[in-house]
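Trainee: Could we look at this structure together? I would like to begin with its pockets.

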Amino acid sequence: VLAKGGHTGDAESEDAQVIDLLQMPDGSMASFTDARIYSRNTHGTGCTLSSAIATLLGHGQSVEHSVRLARQFVREGIWKAPDFGEGAGPLGHQAVRLKGEA
C-alpha cells in the first residue's frame, strides 16, 4: 500500500515536505520525503504515479525502487510542466528525461 502526499509542518511554508509511506506485504515500511513543489500544474499526478510504478514493476524492478523512480518522474513532470490554460494544468511528461537516458 502506498499512502501518498502527507505534509509535515505548514503546507504553505518554504520548508514544507511531502511524505509518502509504503507498506509492504511483510509489514516492513519505507518512507519517501521531498520538498513540496508549489505549482498549479499537478493535474494527473496520481494517475502518472501509479502508471509509472506499474510500468517499472513490469520491467522487473522491486516495489520500493519502482516507487522511488516513479516519484522522481512525477516531480520532474511538475517542474517541466508546459503551464497550459487556467486552473490545474498538466504535467510535462514529454519533457522528462531521467539520468541514464539518451
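Mentor: First, a definition: on a 1 Å grid over the protein atoms alone, a pocket is an open set of points with protein on both sides within 12 Å along at least five of seven lines, and lining residues have an atom within 4 Å of a point. A volume is the space filled by probe spheres set on the points. This is a predicted model, in which local features need pLDDT of at least 70 and side-chain atom pairs pLDDT 80 or more, while totals for chains, interfaces and linings use all residues. Residues are numbered from 1 along each chain, and side-chain values use heavy atoms, without hydrogens and water.

Trainee: How much space lies in the largest pocket?

Mentor: The largest pocket holds about 380 Å³. Its lining has 16 residues, and those closest to the centre are Lys-4, Val-18, Thr-45, Val-74 and Ile-78.

Trainee: Which element gives the most to that lining?

Mentor: That is α2, with 4 residues. At least two residues each come from β1 (2–8), β2 (17–23), α1 (45–58) and α2 (63–79). Helices (H or I, at least four residues) and strands (E, at least two) are DSSP runs, numbered from the N terminus.

Trainee: What is the pattern along the whole chain?

Mentor: The protein chain has 2 helices and 3 strands, in the order β-β-β-α-α.

Trainee: New topic: what percentage of the residues count as buried?

Mentor: Of the 102 residues, 28% are buried, meaning under 20% relative accessible area with a 1.4 Å probe, protein chains only.

Methods: On a 1 Å grid over the protein atoms alone, a cavity is a set of points where a 1.4 Å probe fits but cannot get out, and a pocket is an open set with protein on both sides within 12 Å along at least five of seven lines; lining residues have an atom within 4 Å of a point. Buried means under 20% relative accessible area, exposed over 50%, partly exposed in between (1.4 Å probe, protein chains only).
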